[in-house]
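Dear colleague,

I am handing over the structure shown below for your files. My notes on it come after the display.

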2 protein chains.
Amino acid sequence: MSQHVVVIGGVALGPKTACRFKRLEPGAKVTMLDQSDVISYGGCGIPYYVSGDVSDAEELCTTSFHMVRDVPFFDEIKGVDVMTRTRAESIDRAAKKVQYTNLATGEKGELSYDKLVIATGATPRRMNLPGEDLPGVHYVSTPHDAERIRQSISKGQIGKAVIIGAGFIGLEMAEALTDMWGVETTVIEIFDQIMPRLVSPTLATMGRKHMEEQGVVFRMGESVKAIEGDGKVQRVVTDKGVLEADCVIVSVGVVPCDDVAREAGIECHERGGILVDDHMRTNDPDVYSGGDCAIIRNHITGQPLFLPLGSMANRQGRVIGNNLADGDSRFPAAVGSFVVKLFETSLAGTGLSLEAAEQAGFDAFSVMLVQLDRAHFYPTKELMNLELVVERGTRRVLGIQGFGSSGDAMVGRINTVAAALHFDATIDDISNLELAYSPPFASAMDILNTVANMADNVLREINRGVGPEEFEKFWAAREDGEYCFIDCREAGDAKPYMERNPEHWHNVPQGEIYKRLDEIPEDKTCVLVCNTGARSYEAQIMLTHKGRKNVVNIHGGMASLKKYGIEL
Amino acid sequence: MSQHVVVIGGVALGPKTACRFKRLEPGAKVTMLDQSDVISYGGCGIPYYVSGDVSDAEELCTTSFHMVRDVPFFDEIKGVDVMTRTRAESIDRAAKKVQYTNLATGEKGELSYDKLVIATGATPRRMNLPGEDLPGVHYVSTPHDAERIRQSISKGQIGKAVIIGAGFIGLEMAEALTDMWGVETTVIEIFDQIMPRLVSPTLATMGRKHMEEQGVVFRMGESVKAIEGDGKVQRVVTDKGVLEADCVIVSVGVVPCDDVAREAGIECHERGGILVDDHMRTNDPDVYSGGDCAIIRNHITGQPLFLPLGSMANRQGRVIGNNLADGDSRFPAAVGSFVVKLFETSLAGTGLSLEAAEQAGFDAFSVMLVQLDRAHFYPTKELMNLELVVERGTRRVLGIQGFGSSGDAMVGRINTVAAALHFDATIDDISNLELAYSPPFASAMDILNTVANMADNVLREINRGVGPEEFEKFWAAREDGEYCFIDCREAGDAKPYMERNPEHWHNVPQGEIYKRLDEIPEDKTCVLVCNTGARSYEAQIMLTHKGRKNVVNIHGGMASLKKYGIEL
């Protein structure tokens with residue numbers, strides 16, 4: 001048992017570790033220090049405070065039973081001594097001491113420890129651009145940031161906002177500003193998609209289109225060069241133009257705070273972050289770390305992973321708490337599950353996107369499925385898009401990402417695959433996954449089973465399809481005569497499209513393929529489309545059976561094309 | 001490749017097998033026979049048709065793109081020959097022939113097969129009681145049953161209904177009759193809980209209480225002796241009384257239809273059902289079976305399992321289709337996931353309940369957790385109840401069951417554990433499960449992580465708690481002076497309870513335990529209660545640290561007591 005545990009950092013991992021350890025060792029002494037005056041807050045809640053969903057900033061710092069997690073709370077309820085506005089300056093590992101400065105008084109002091117926990121977190125990445133420190137330029141990190149942004153909005157000072165970065169926080173802030181405050185909001189992203197590398201360009205486009213429909217403006221593939229203004233922010237200058245702005249929110253990621261650790265000789269990653277083993281121990285057996293300042297391992301790739309999420313910090317904090325009390329708890333490698341709500345839809349995923357899988361050296365492919373999230377005869381149901389990423393050869397599932405409007409239902413599917421990823425599941429495992437079935441909650445063959453079956457069919461080469469991105473290219477070339485577009489639905493469904501595109505849109509219902517084979521040209525690439533891809537797949541099988549080779553079916557069908565923004 | 005595949009049975013597994021096989025072998029011949037005139041229907045949708053949620057019975061027999069799955073559909077769209085109203089009478093395995101009777105004409109005939117699939121399904125279990133065949137007594141199995149029930153209700157002929165059996169179908173029908181038609185509905189169950197063996201008595205009571213609040217009457221532990229009436233049903237006689245009834249629905253389970261198989265020497269289970277291996281093959285290598293007539297294996301116990309669910313049939317059908325086309329697909333042992341919607345709540349689970357685990361010989365225990373399903377500061381959130389069943393020693397998770405009002409959110413958690421069960425997960429795996437986190441969808445420490453942590457704390461013996469059932473016993477004995485009830489919440493929360501129970505309800509907020517130790521008697525069993533069990537657990541740790549031994553905390557706290565129906 002550790003006599004005195006010192007915890008540097010009091011936001012997420014720090015408090016979790018301290019409290020867990022105290023529950024196991026109620027007689028031990030724990031001292032937690034943090035340079036801020038607010039501790040133990042839910043930083044992930046900031047966009048919801050800015051939007052007004054959370055009415056009082058204090059709620060981000062309370063327990064589920066409405067007690068504020070402040071210094072007296074930790075003292076009386078948790079038995080943890082807390083020193084706020086106290087910055088850890090250095091660690092003397094030989095003497096097992098932490099030197100600190102009281103930021104209020106300037107006083108210096110030191111704390112002896114038996115075990116040390118470094119929970120210094122991360123700090124918003126700065127862009128190092130002119131004007132970055134002008135009033136009205138905000139980062140989204142602490143409750144103080146949240147207060148500042150909400151105050152300026154609620155005073156009606158913000159007509160136009162520019163958000164730099166289309167990751168989680170940027171998108172959540174864009175929703176908050178647009179939805180609740182009617183601020184004209186533009187998101188600038190240096191990559192050509194939102195949530196780069198996390199989801200495919202196709203899913204990203206679907207998410208972006210939905211946000212555009214709600215009034216958010218996106219400028220993709222655009223790079224910010226300067227922020228300008230006279231005494232306060234007035235405009236953002238990019239490589240493509242100038243945007244007026246009363247408010248700029250910079251959300252271009254975070255960097256781990258590892259200075260104190262690094263200077264004390266704690267091993268860090270070359271690109272930042274404290275290295276830990278699966279017990280969350282650093283290279284010094286008396287020093288633990290975790291949360292946003294630590295580097296863990298990616299279960300899928302085996303490579304180092306920086307995954308700054310409050311959920312990670314909480315789970316890791318418990319592991320450290322156990323190990324401080326002479327336990328043998330492990331935090332296994334992570335798979336990287338995520339979800340972001342975008343107005344009435346959400347994007348979610350776990351494991352690797354196709355791009356990330358290819359970058360990691362996997363021989364991977366992905367399939368995109370559109371299917372109803374519950375029984376088709378049940379009155380309330382929604383189409384869900386799931387993209388499964390699979391390694392050829394091993395049939396191992398590397399990841400899954402999704403876009404849809406029924407959030408809990410989609411997140412449930414993503415979490416189910418997350419659990420399976422930890423056990424290196426193959427598509428055959430997912431094909432037979434036993435999801436709880438009842439018409440109000442799932443189809444008899446759930447979308448998760450089907451997306452794995454689809455991957456199997458692609459590997460068998462009986463389903464050869466492409467997504468909306470490729471369809472867009474085919475359609476753009478429709479005058480060239482290389483492609484023949486065949487709608488495999490019944491005549492009534494196809495009719496409006498045939499009327500609008502009389503020369504290019506043809507209709508052969510799937511059930512009539514054999515009878516009307518001579519209507520389908522042999523010298524063109526035959527592009528088969530139906531509602532969601534089920535019938536175009538069957539039509540492809542029939543044509544292949546009749547010896548046709550140049551046949552491709554559109555995965556996700558018309559539903560997918562529509563969400564992607566293609567109008568026919 | 002199989003030249004001619006004959007499929008006996010055309011509801012779920014049969015059509016799935018036939019269509020999958022045809023997609024792999026478009027040139028093969030498949031003949032499917034069924035004794036009914038309706039085939040390929042979603043029997044699980046019947047309660048939703050009776051309720052009116054599904055407006056037209058035809059919807060239960062259509063594809064997701066609104067085509068009716070009838071004989072011409074299978075012929076033209078799927079390339080499968082279907083013979084309806086055709087009963088398979090016997091199988092000559094030596095000659096590889098099926099003898100059948102056309103029920104419309106009485107004509108007999110036979111079909112030669114290369115491979116045979118027996119998909120004869122299950123039939124409602126009969127009670128063998130007087131009056132069981134009176135008009136107005138219904139089973140819930142086919143679309144014809146559904147039509148009959150809905151017609152009699154919609155004509156206003158039904159004022160009072162009695163449902164026999166509180167399993168899935170009984171409960172769904174109770175909701176349908178009460179919610180949409182205002183029929184006075186009584187459910188009689190021979191066991192003393194709804195969904196016996198599937199969920200714990202505690203969860204079952206929560207589900208029942210909710211249904212009672214919606215007007216459904218339950219008579220538990222009651223046995224039906226006769227159904228009586230003059231020309232049509234008028235009353236139900238039980239061992240405890242007589243109930244008037246214009247309509248009786250019998251839903252006491254189903255029995256597998258294995259007669260034809262058994263008579264042909266196909267190996268069956270002694271209690272019914274065709275035995276298959278993990279390729280869904282019977283003891284005859286040319287004969288496959290699956291769905292409601294087959295017996296599979298329970299992954300958790302290794303024992304035979306009868307799991308008649310449409311979702312099972314669909315997944316197994318695909319496996320058989322693959323294997324008919326010379327594939328090597330497996331259907332692994334099942335974990336038994338389920339969900340049933342009960343008005344605004346649902347009960348769901350996977351794996352074994354505590355009772356089922358104990359009956360299977362496991363040294364098991366369970367923990368029940370009540371926690372919010374998303375961040376506590378997010379405006380829309382609900383308390384969810386999850387009960388995790390764990391094997392001592394190995395720490396293996398044997399099952400999980402839940403009750404809650406946000407259906408998709410709960411089903412998502414159940415499915416996540418279902419995936420983990422297939423890989424023999426331990427509580428340590430669940431503790432670190434990486435659920436996608438964002439305040440609108442989860443807590444940073446998700447309820448699934450917490451319920452595993454709770455099991456760990458119980459095994460460490462630092463959390464010693466009981467549920468509402470035991471609390472009820474303690475409370476009933478409150479005059480005996482053996483128990484001291486301590487509310488660990490803040491004074492304001494405890495006040496109304498202290499006012500109503502001045503002699504028995506005490507208040508020591510968790511943070512004041514050490515200061516007010518002398519108020520807590522040493523000679524009584526100290527029963528600690530808070531909102532959901534988080535603070536009573538911490539209070540227990542504090543009291544234990546001070547040497548107190550007789551301390552028990554109420555898992556799920558006041559939230560759980562309330563849902564269980566205990567009024568204080």
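The notes below cover the interface between the chains and then the cavities.

Please bear in mind that this is a predicted model. Chain A contributes 96 residues to the contact and chain B contributes 97 residues. Together the two chains bury about 7,900 Å², 60% of it on carbon and sulfur atoms. Between chain A and chain B there are 34 residue pairs in polar contact, and 10 salt bridges cross the interface. One of the salt bridges joins the side chains of Arg374(B) and Asp408(A), at 3.0 Å from N to O.

Several elements give two or more residues to the side of chain A that touches chain B, among them helix H1 (13-24), strand S22 (338-342) and helix H10 (407-421) of chain A. The largest share, 10 residues, comes from H10(A). By class, this side of chain A has 44 nonpolar, 30 polar and 22 charged residues.

The structure also holds 3 cavities of 30 Å³ or more. The largest cavity has a volume of about 80 Å³. Its lining includes Asp408(A), Asn415(A), Arg413(B) and Phe441(B), and H10(A) gives the most to that lining, with 4 residues.

Residues lining the second largest cavity include Arg413(A), Phe441(A), Asp408(B) and Asn415(B). Here H10(B) gives the most, with 4 residues. By class, the lining of the second largest cavity has 6 nonpolar, 3 polar and 3 charged residues.

Yours sincerely

Methods
Residues are numbered from 1 along each chain as its sequence is written. Chains are lettered from A and ligands numbered from 1 in the order in which they are written. This is a predicted model: local features need pLDDT of at least 70, side-chain atom pairs count only at pLDDT 80 or more; totals for chains, interfaces and linings use all residues. Side-chain values use heavy atoms; hydrogens and water are left out. Contact means heavy atoms within 4.5 Å. Buried area is the accessible area (1.4 Å probe) that two parts lose on being put together, summed over both. A salt bridge is a side-chain nitrogen of Lys or Arg within 4 Å of a carboxyl oxygen of Asp or Glu. A polar contact is a pair of N or O atoms within 3.5 Å; within protein, one must be able to donate a hydrogen and the other to accept it, and residues adjacent in sequence count only if both atoms are side-chain atoms. Ala, Val, Leu, Ile, Met, Phe, Trp, Tyr, Cys and Pro count as nonpolar, Asp, Glu, Lys and Arg as charged, and the others, Gly among them, as polar. On a 1 Å grid over the protein atoms alone, a cavity is a set of points where a 1.4 Å probe fits but cannot get out, and a pocket is an open set with protein on both sides within 12 Å along at least five of seven lines; lining residues have an atom within 4 Å of a point. Grid points are joined across faces, edges and corners, and a volume is the space filled by probe spheres set on the points.
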